[in-house]
Amino acid sequence: MTRLGLTDPVQEARLLARIIETISAGLDLEEILRGIAALITETTETDVCFVYLLDEEGQRLVLGGATPPFHKMAGQVELKMGEGVSGWVAAHGRPAVIVEDKLSDQRYKHIPALGREDLTSMASVPILGKPHHLVGVLNVHTRARREFTDADVQLLGWVAGLIAGAIENARLHRRLAEREEAMERYAERIVLAQETERRRLAGEIHDGISQRVVSLSFHLSAAADAVATAPEVAAREIAEAQALAEAALDEARFAIAGLHPPVLDDLGLAASLETLARSFPQLDVQAEAQPCDLPSHLATAVYRIAQEALQNVAKHAGARSARMRLMTRGDTVILEVQDDGKGFVPAPVSGQPGAAQSRPTQPGPSGYGLPGMRERAELLGGRLEVISYPGQGTLLRLLFPAATPH
Ligand SMILES: Nc1ncnc2c1ncn2[C@@H]1O[C@H](COP(=O)(O)OP(=O)(O)OP(=O)(O)O)[C@@H](O)[C@H]1O
Ligand SMILES: [Mg+2]
């Protein structure tokens, strides 16, 4: 029977060269992982290889790549830390080998989506990046019974160490590419939003302020004509003009208020959110906002996201009450808006394994609110989670680092 361990230096050099070739071929993570999985099964004469990646929160392992036909399941199979053999390996940072009868191994968990009962033996090693932090887990399986030796496990650990850096680079690259894409979409949206805003302002100036100023000027002319002959008429006309001047001023204030949330400057974010919560008379919104000292562009983004989230609750949820919370956990700022309304099925968001809810997408089927919030979140270096089920209300959560590199 073939042994995995590389006793032959020529074979070892050949494997190393092929791994380097595979990880240098590009920065597409799924492609790299598929290539690596194929290479590993071939070199180690195993039948199936799975590469799980740890998600960014370090909570879940998500299948990132595998040998066919399992590669199709990439991004769709998840294990919690400690769950299954891979979860055990991740949690303990140690390899695991099961030679046979895996069902009786306490660590084993059958994953129906992978339907692989015909696989008998397995070896699983942590993928450790530098300096010794967990990137994922690498598993190989065989149909025939196989004794994996220490040398076999060592070899797998060696390969895992080689691919750790490539995985991290590819992930970083993907994050940057996503940010860049979000920036581009955001720029387009800003231009569109500016146009809409200009039209709104033009409308308000034309229909409101200009009309009042025209009529104000008419009343002042009438007052000027009457001042010598009928002072009481002049006084009435001047009073009318004054009322019109005040109305024009109110309308100008209203038009300006739409451009920038003025309360933010006066009250700061926490109090502004509380004021915002009270501005939905049809909805009982409970607001708890911890004061947090954010730069103004971040505070504006959080305010706008809260505003749109509450507007959505008011417009769509049919909720009786809602709860808005702003808090910090370590270096992460979290805004949550939760309602007890009818809920909905959020549009699926394509994306990286483990971040299925967090990537921006095109304008949603029905509006710009959710995609806009996602893009803002992305620009803050954070993400937006929408957790909603019909009949069970909606929880919208924004998370971003307090110190965003800008
Ligand atoms: N809290 C919620 N409760 C129930 N349904 C919601 C909630 N938030 C969003 N939705 C659903 O998601 C859809 C998309 O929301 P989104 O904010 O993207 O668009 P919109 O509110 O319809 O339009 P716009 O925000 O552009 O004015 C809504 O039309 C609604 O069906
Ligand atoms: Mg909306």
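Predicted model: local features only at pLDDT ≥ 70, side-chain atom pairs only at ≥ 80, totals over all residues.
User: Where does D101 lie?
Analyst: D101 is in the loop between β4 and β5. Strands like these are DSSP runs of E with at least two residues, helices are runs of H or I with at least four, and both are numbered from the N terminus.

User: What is phi at E45?
Analyst: E45 has a positive phi near 50°, and this residue is not glycine. E45 sits in the loop between α2 and β1 (48-54).

User: How accessible is E45?
Analyst: E45 is partly exposed, at 43% relative accessibility. Buried means under 20% relative accessible area, exposed means over 50%, and partly exposed is in between (1.4 Å probe, protein chains only).

User: Which residues does the cis peptide bond join?
Analyst: P68 and P69, with omega about 0°. P69 is in the loop between β2 (60-66) and β3 (78-80).

User: On to helices. At what angle do α2 and α4 pack?
Analyst: Helix α2 (residues 29-44) and helix α4 (residues 150-226) pack at about 170°, and their axes are 10 Å apart. That angle makes α2 roughly antiparallel to α4. Here, angles under 35 degrees are roughly parallel, over 145 roughly antiparallel, 65 to 115 roughly perpendicular, and the rest oblique. Axes are lines fitted to C-alpha atoms, for helices over the stretch in contact, and angles run from 0 to 180 degrees between N-to-C directions.

User: Which residues make that contact?
Analyst: On α2, they are L29, I32, L33, I36, I40 and T44. On α4, they are L155, L156, V159, I163, I167, A170, R171 and R174. Contact means heavy atoms within 4.5 Å.

User: How many of the contact residues are nonpolar, polar or charged?
Analyst: Eleven are nonpolar, one is polar and two are charged. Ala, Val, Leu, Ile, Met, Phe, Trp, Tyr, Cys and Pro count as nonpolar, Asp, Glu, Lys and Arg as charged, and the others, Gly among them, as polar.

User: What about α1, which residues are buried there?
Analyst: L15, I19, T22 and I23 are the buried residues of α1. They lie on the same side of α1, because they cover an arc of only 90° around the axis. The arc is that of the directions from the helix axis to the C-beta atoms.

User: What do those buried residues pack against?
Analyst: The buried residues of α1 pack against α2 and α4. On the other side of α1, P9, R14, E21 and S24 are exposed.

User: And α7, which residues are buried?
Analyst: In helix α7 (residues 269-278), they are L269, A270, S272, L273, L276 and A277. Seen down the axis of α7, they fall within an arc of 160°, so they line one face of the helix.

User: How far does α8 reach?
Analyst: Helix α8 (residues 296-317) has 22 residues and reaches 30 Å from its first C-alpha to its last. That is close to the 32 Å expected at 1.5 Å a residue. The expected span is 1.5 Å times one less than the number of residues. Just after α8, G318 has a positive phi of about 60°.

User: Last one, what does V89 touch?
Analyst: V89, in helix α3 (residues 84-92), touches R94, P95, A96, S124, V125, P126 and V137, not counting residues up to four places away in sequence. V89 is buried, with a relative accessible area of 0%.

Terms used: Residues numbered from 1 in each chain as written. Chains lettered and ligands numbered in written order. Heavy atoms only, no water.
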